[in-house]
Every structure is written in C-alpha cells, then in structure tokens.
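Have a look at the sequence and the model first, and then we will walk through a few regions together.

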Amino acid sequence: MDLGIFRYLCQAETRRLVSLLGVTIALILVLQFYELPNSEFLSSLTAKIKSFTMDTPLVNSTMETHNVNVNFNASNSSSISPQESSLGSVDGKDVNLTSQGNQSSLLAPQPMVPLPNTSFFDSKVFPKDGILSSLLSSNATIVKDASAIWKNSKRRPSKVVSISEMNLILQHSHGSSQGAKPASSSAVNVEILNAKSEIENAPIIMNDSRLYSPLYRNVSMFRRSYELMEKMLKVFVYPDGDTPIFHEPLLEGIYASEGWFMKSMEGNKQFTTRDPEKAHLFYIPFSSRLLQLTLYVRNSHKRSNLIEYMKNYVDVIAGKYPFWNRTNGTDHFVVACHDW
C-alpha cells in the first residue's frame, strides 16, 4: 500500500515538473516572439542558468591548482559564457591577463588568434570558382566599359570649324545659289532685292526692351528683317502629294512640332498665297514622322525607299511647276522633326 502511494506521488511530482517546464518554455518563446526591449536580459538569464550547470568544485580546484590570476578592466566587468570559462583551464596552463582594475574570480576570454597573412581575395579563404569570381569578372567588365566610354567622350573631333569659317561657308553657299537667277526680273525678285537693301542699311538700334542684343550677330538687321517678313513675306504651299505623308499634320507625340507648323501654314492667310508667281518661298508639306511610319521597314536599317519616294515627289513638282528648276530648289523648304 505504501508502495502504491509512493508511485502516485512520484507521478504527480513528475507531472508538476513537466508542466512547470512547459510553461517556462512557452513564456520564453512568447517573449522572444514579440522581441521585447529586454531581450538582452533573456539572453543573459539563459547564460547564467547554463553556468549553474557547470561543476563548480572542479572549476575552483583548477583555479587553485594552477594559480590562475585574472585582472579585468572595470569597463569590461561582465559575466562570461561557459565556453569562455572552459578556455581558462585547457591543458592545465596558466593564464595571465594584465589590465587595470581589481582582481576577479571570473575567467576572461582568451585573445583572438590572428589569421594567416592572406589577402581578402585569397583562394584559400574565398574560392575563385564560386560567386566571388563571377562578381569580380562582372565588375572588371563594367570598369573596362566605363573607361572606354570615358576615353571616347574625351576624344576631340577630327576638325573644329570656327565661326569665321562657318561665315565663309555660308557666303560661298549664298554666292553659288545666286548663279541660278531667272533670266528676266520679276516683281518678286525686285521685292527681295529691295528688302535685302533695307536690311543691310537698317538703322542702328541702341536699346530695345523686346530684344537682348548679345544674342544676335546684328540686332538692328534682325529687327528690320523681321519687320519686313511680317509685312511682305508670301509662301506657296504645294497642293500635291497623297496622305498620310503629305497634308496630314501629326499633332501628338514628341515629333508634333512639324505637324503644328503644317497646320498653321495651311490655315494661314497672312503668309500664304495661292498664286505661286507671288511667292517668295515654297513649302513642301510632308511629315517625316508619317513617312517613317508608312514606308520604313522595321529593323531593316535601310532608308533607300524613303529617299526614292521623296525624290519622285520632287521630280513631279519640278515637271509640273517651273519654280523648282528656276532656282534649283534653293527657295524651297521642308519642316521635319525627327531623331534621324
């Protein structure tokens, strides 16, 4: 009978200990899950609990036998883990650590053993056939490409044309275009010659609040030219050509400026004329953007068909009207906005 009671009490005590252990573990898990600010307290508490499982008499006897003297700094006076304590009695060697402060019976950690004199990218530490090698090779390629781009950006052009040379080229171009003058002088030619004379002899402008003089080569001539342009300029817009390449302005997107110019010119009455004999300039109303969208073959890198199409158009107006051949097209113009 007494044996049965004893077994019952043992089972009850065992259940109580298991329950207490389960509650303790659950409490620790809950606290770690919510990562309370006192998480460091839990880790230190766990270390202290483990330290109590050590054989205290064995540690004391080892310290007394081998005369272990430990001096520690007051700023680093903290408890150590069991692994660090076991290092003080390995192979029965004496450990002398000298620093400022009072003596303590706690064991201090051993100093770190320095690694061999190897570089960070040594094959013994990081194998070259792993992720590091691919990273190094990709970085080397990037640096090489960047250096090549930098060298190309610093490369100067083969020839630099000065402003004076540009002026000479412009004068030469104007001189060659004047050789294609019509045989008989017309009213339009007289108007152009008179306008040229007035522009060259424009009155000197000292102060003009609407114009910033440093932006112009000759602000007086520019102002007089602009006044005459608003007063007398007439443009003939060719009615020939099929849509969508001709007479269909594209008013949206980054290339829309050519479309808005076409729309403004074809709907304008001040600067346009339907009589080509009264025109000073001739406008070919085509859209380079719609030409590309209509005729260009994607990824072909060939524009010969686009060039042929526009050449055929010029041949048509040159055969139908006398104005292109009269000046070899120097008074004809197009407006195109594109990146090629």
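A residue is called buried when its relative accessible area is under 20%, exposed when it is over 50%, and partly exposed in between, using a 1.4 Å probe and protein chains only. The model is predicted, with local features needing pLDDT of at least 70 and side-chain atom pairs counting only at pLDDT 80 or more, while totals for chains, interfaces and linings use all residues. Residues are numbered from 1 along each chain as its sequence is written, and side-chain values use heavy atoms, with hydrogens and water left out.

**The chain as a whole.** The protein chain has 12 helices and 5 strands, where helices (H or I, at least four residues) and strands (E, at least two) are DSSP runs numbered from the N terminus. Of its 340 residues, 19% are buried.

**Helix α8.** Val219, Ser220 and Leu228 are buried in α8, and α7 (187–200) is among what covers the buried residues of this helix.

**Aspartate 240 and α9.** Aspartate 240 sits in the loop between β3 (235–237) and α9 (256–266). Is this residue buried or exposed? Aspartate 240 is buried, because its relative accessible area is 12%. Its side chain makes a polar contact of 2.8 Å with the side chain of lysine 320; a polar contact is a pair of N or O atoms within 3.5 Å, and within protein one must be able to donate a hydrogen and the other to accept it, with residues adjacent in sequence counting only if both atoms are side-chain atoms. Leaving aside neighbours within four places in sequence, aspartate 240 also has contacts (heavy atoms within 4.5 Å) that include Phe246, His247 and Tyr313.

| Helix | Buried residues | Packing of the buried residues |
|---|---|---|
| α9 (256–266) | Ala256, Glu258, Gly259, Met262, Met265 | β3, β4 (281–283) and α10 |

**Helices α10 and α11.** The contact between these helices is made by Leu291, Gln292 and Leu295 of α10 and Asn305, Leu306, Tyr309 and Met310 of α11.
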